[in-house]
Amino acid sequence: MFRDDPPALELRGLTKRYDDGTLALENFDLKIPAGAFFGLLGPNGAGKTTLISAVCNLLRITDGEVLVFGEPHDTLKARSWVGLAEQDINLDRFLTVKETLAYHGGYFGMTDPDSRADELIEAFGLQAKRDVRAPKLSGGQRRRLLLARALMHNPRLVILDEPTAGVDFELRMDLWRYIRQLHAEGTTILLTTHYLEEAEELCEEIALIRDGHLIARNSAEGLREHFGVTKLTDVYVKAMAS
Amino acid sequence: MTGLVWLCRRETLRVSKLWTQTVLAPVVSSILFILVFGLSLGGRIRQVGDVDYEVFIVPGLVTMGMLQAAFANNASTIFQARFDRYVNDVLSAPMRPWQMSFGFTIGGIVRSLAIGLSLIVLSLILVDVPITHPFELALAVTLGLVLFASLGLVVGIYAETWDHTSFIQNIVILPLTFVGGVFYSVDVLPSPWQELSHFNPVFYLVNAVRYGFLGESDVSILLSLAVTAALAIPAYAWAQYLFTTGKRLKS
């Protein structure tokens, strides 16, 4: 990555007020450099999923601007650069594992997605399930497929919304390995998680958000220093209480 | 355009994977109507105008089977996609709104055409129904499918439960179809029912299709096509508006 590269993600004054009046994000500014491994931490309702949904064109933003590698987020180019693994399992019940990946690739403009789909099926250990439809997969297999789908079209920015929520230790370690490898290959990662040790283990930089506002942003070490504590848990408690 | 092609493939795949439910069942029920109503009642009602009764009901049954399939398919596909939230995979993809609405419309059209063609072939074998004006028939079918496929999408986008989609199907579309002249000519109805039939949009569609098959219609073919087009265009525009603005699809 070069100093002149546009940020992978830039939010300028992003505001989202839902139809019921809830203000989920207010005048939110954030810049994530290209190639970063960036963590977003905050309690339920802090605005993490709203932020992600805004970037991925899954909600109507009230105000502000979202740029992906310098392009407005709703352009076709910017959309093709983003891969999203949502927090909830949202797989197409009519498609098999192979079809899930191939159709996703097709939606994202891949003319011949078969070989990439096969590659990911192997990488995520889903060979035995390639012709099985999503509802018949186990929870762990669905989680793997969700991540594989997000990577299918080789996105430059991968957004992972609590990818390890509710998964067992072994799968969590597997997912960490995939995500680390992805980052090592130059992909920018935006990760939201409730697990502080996960954020500390994986992320180069962490932002703490609460009630739709950015509270603090730094490396795990920098946050500990800033809040004068020795553990990230204490940082979190102090930041959320302030 | 690649995204659109794959979305069309996905919608067609859904229809073909469930073919016994999506195509076979409506074809069997329409054929039963021809056998039960046409061939049995045909002995009592020999002709409507110059046409044998079992032939007279075929265009209406083809219309009924196709428009119900177009509506039901699209209402269920988009509602299911919203309900399971895999619609997000399409909404976040690099596709234009018109490509998304067109792609989601295709499944209902493919399913309806499969039903319509099957019924035409079976009707040719069973009652030798003629096709006297193929161009008008194709135009009427196209407009009818656009109208009901788009309505299906709109209802599936607004629906909050499965009951909402089946309510519209069973309480609005099915009754309008039955009183739209599928089984009779409105000429035989007493006043005011005959006049009221002219406020039923399905009446014009049934008559346009009947003209295409038999060359006979209760109203002018131009009026039938114009009324159907006047409804189909705003229905398609409504579906398109929902995808363009994200209303009801995005929070």
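## A residue in a loop

Between which two helices of chain B is the loop where B:Arg85 is found? The loop runs between helix 3 (53-83) and helix 4 (87-91) of chain B. Please keep in mind as you read on that this is a predicted model.

B:Arg85 has a phi near 65°, a positive value in a residue other than glycine. B:Arg85 counts as partly exposed because 15 other C-beta atoms lie within 10 Å, and a residue would need 20 or more to be buried.

B:Asp128 is another residue other than glycine with a positive phi, here near 55°. Look for B:Asp128 in the loop that links helix 5 (97-127) to helix 6 (134-158) of chain B. Is B:Asp128 buried or exposed? B:Asp128 is exposed, since 11 other C-beta atoms lie within 10 Å and the cut-off for exposed is 12 or fewer.

The peptide bond between B:Ser191 and B:Pro192 is cis, with omega at about 10°. B:Pro192 sits in the loop between helix 7 (162-178) and helix 8 (193-197) of chain B.

## The build of chain A

Turning to chain A, you will find nine helices and 10 strands. Its C-alpha atoms fill a box of roughly 50 × 45 × 40 Å along the principal axes. The radius of gyration is 18 Å, which agrees with the value near 18 Å for a compact globule of 242 residues.

Of the 242 residues in chain A, 47% count as buried. Among the contacts between residues at least 6 apart in sequence, 65% join residues at least 24 apart.

Nine residues of domain 1 and eight residues of domain 2 take part in the contact between them.

On the domain 1 side of this contact, helix 6 (residues 169-184) of chain A gives the most, with four residues. By class, that side has seven nonpolar residues, one polar and one charged.

## Where the chains meet

How many residues of chain A are in contact with chain B? The count is 24 residues of chain A, against 21 residues of chain B. Helix 2 (76-80) and helix 3 (97-107) of chain A each supply at least two residues of the chain A side. Helix 3 of chain A gives the most, with four residues.

The chain A side that touches chain B divides into 11 nonpolar, seven polar and six charged residues.

Notes
Residues are numbered from 1 along each chain as its sequence is written. Chains are lettered from A and ligands numbered from 1 in the order in which they are written. This is a predicted model: local features need pLDDT of at least 70, side-chain atom pairs count only at pLDDT 80 or more; totals for chains, interfaces and linings use all residues. Two residues are in contact if their C-beta atoms, placed from the backbone, lie within 7 Å. Ala, Val, Leu, Ile, Met, Phe, Trp, Tyr, Cys and Pro count as nonpolar, Asp, Glu, Lys and Arg as charged, and the others, Gly among them, as polar. The radius of gyration is taken over C-alpha atoms; the globule rule is 2.2 Å times the number of residues to the power 0.38.
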